[in-house]
Amino acid sequence: MNRDQIIVNEIFKQARMDLFYPPILKVELADIEASEIDFSSRSYRIILGRDLIKTLSQEALLGIIHHELNHWVKHPYDVRTIILEDHYLGGMPNSDVIRNFFDDAVANLDLVVNKGLMEVSKAYAEIPAITKVDRLLRAFYREVTGLDFGSRRGTEFQDRLKELTRMDFLDTTRRRIRSNIRRFAEIVGDLVEAEIVPFSLFSLKNFSPDEIKSAMRNIAEELDPKEYREVAEKVLNRVTELGISPGKASLIRDLERPDIHWYKTRSNRYAICIKAFSKKDSLYPLELKDFELDDNMDIFSPVESYGKVLPGLAKKYQLEEFEGHGKLSIPDVVIIMDSSGSMRHPDLDISYAVLGAFSIARNYFEHDSRVGVINFSDTNLEVEPTWDKARSYEMLKVYQGGGTMLDLDRLRRYLNKLGNRVEEMDLILITDAGIDNINGVVDCLSKLKARATIIWIRGDAKGHQGFEKGYRLLKEGLPLSVTFVEIEDEKEIPSIAVGKSFRVHGRH
């Protein structure tokens, strides 16, 4: 190890200690102009330009490492932040440069104001200011901290300085970052001349497809479907432009169908209760069979045999058909999805019907069960029970937006194709109950042998007396064995239960 590396290692140890040991474990020298954090491996590292060791004081080097580490501690160079800040900037020119300057301001002010680490000012003082934005911000840092950042206060930036000092850079809540970075861009945007910043410029190209995919899953948890779609379109354009690989194909698929990806991601929040059942038709009291004289007495049922071991009278337990002895399984499912105009449009708002359907489908898929879909409005669109998740999810998400008529002839043909399998399947109807042929639907469902569950999207039916009447017709016209669930908002999705022997009403 050469002398320069030994010196840098000692400075790095001090910097990590000052910032309570963030999980960046080493610093390395390389032939670069400034400094950067390398995200190319799991063990993130700081890379310093070799020439910095020769031109800067050890105090300035400590300030640079403080600066880089504090991007991790306070306002991180993580891909999620980059994606969201680029989105907030709305595609304005030089957004990468503006975002990097903004992130530097957050990190620098936090170091001095909150943590009392002044060395970052020495780093700036020893590195020449090149651009107008850099000179403006150095003057701003001096105004706020009283420290010399290498650029004296001049008259050319007075109005801009005043605007910057009115901003609270240290509030890094999501809402504040959105408004702050937009205001920051308004103040400095016309001064940006080129992609030149005091420290390395970070963008999506510094991250792998897997890291971008993970960030997009996190972003889906925060944004509504409409805004998420806007973000995904921008990221898709950027990824295509940068040619990020390997693993790019999977990322592109997610970004090309942001509507599907959003509902799939949000559905991961919820576990749906699905009652398992035996492949054999052995529900009590049918577990009892005639006792034969050569049967083991361990399975003899004295109560049901009236205490007598007599042929034709004595009964035995069929143990392998009790839960725990037979092969219990989660059945296949057919989800009948109402996508009529009275239901919420899943691209414009959060559709609890679609989110609930995705949650149900995901839970069945995770049990290695097949999922079929009948999407109805003016017509029935169908996918037979399949393990192909993409096909099922896509059909669940289709929004026809027309009238509400379940084509019962097509429904019967669909179920007839499945033959006897229907008796060992779950059937789930998701609707606001504003179905024009509701009486026919009740009659059809009441004759089916499949386990049935009705999910009433009460939030979409709110204020429609006819829809509430339709729900009462479903509830009163179908057998008591049918499970009913009412959903008004997202937090009620976990109340969905399939295969229960009781009805579920109201909120849970």
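1. The residues lining the largest cavity divide into 8 nonpolar, 2 polar and 2 charged. Here Ala, Val, Leu, Ile, Met, Phe, Trp, Tyr, Cys and Pro count as nonpolar, Asp, Glu, Lys and Arg as charged, and the others, Gly among them, as polar. The lining consists of M337, D338, S339, M343, R344, P346, S351, A353, V354, L396, V398 and Y399. Strand 9 (332-338) and helix 14 (352-366) are the elements that give two or more residues to this lining.

2. This is a predicted model, in which local features need pLDDT of at least 70 and side-chain atom pairs count only at pLDDT 80 or more, while totals for chains, interfaces and linings use all residues. Residues are numbered from 1 along each chain as its sequence is written, and side-chain values use heavy atoms, with hydrogens and water left out.

3. The largest cavity holds about 50 Å³ of space, and the structure has 3 cavities of 30 Å³ or more. A cavity is a set of points on a 1 Å grid over the protein atoms alone where a 1.4 Å probe fits but cannot get out; lining residues have an atom within 4 Å of a point. A volume is the space filled by probe spheres set on the points.

4. Helix 8 (residues 158-165) and helix 9 (residues 174-188) have axes that come within 10 Å and cross at roughly 175 degrees. Helix 8 is therefore roughly antiparallel to helix 9 (angles over 145 degrees count as such, and 65 to 115 as roughly perpendicular). R160, E163 and L164 of helix 8 meet R183, F184, I187 and V188 of helix 9 (contact means heavy atoms within 4.5 Å). The residues of this contact divide into 4 nonpolar, no polar and 3 charged.

5. Helix 13 (residues 258-267) packs against helix 15 (residues 389-397) at an angle of about 100 degrees, with the axes 10 Å apart. That makes helix 13 roughly perpendicular to helix 15. D259, I260, Y263 and K264 of helix 13 make the contact with Y393, E394 and K397 of helix 15. Its residues divide into 3 nonpolar, no polar and 4 charged.

6. The protein chain has a mean pLDDT of 85, and 85% of its residues reach 70 or more (pLDDT is the predictor's confidence in each residue, from 0 to 100). Over residues 293-309 pLDDT stays under 50. Residues 502-508 also stay under 50. Where pLDDT is low, the predicted coordinates should not be read in detail.

Key. Axes are lines fitted to C-alpha atoms, for helices over the stretch in contact, and angles run from 0 to 180 degrees between N-to-C directions. Helices (H or I, at least four residues) and strands (E, at least two) are DSSP runs, numbered from the N terminus. Angles under 35 degrees count as roughly parallel, over 145 as roughly antiparallel, 65 to 115 as roughly perpendicular and the rest as oblique. On a 1 Å grid over the protein atoms alone, a cavity is a set of points where a 1.4 Å probe fits but cannot get out, and a pocket is an open set with protein on both sides within 12 Å along at least five of seven lines; lining residues have an atom within 4 Å of a point.
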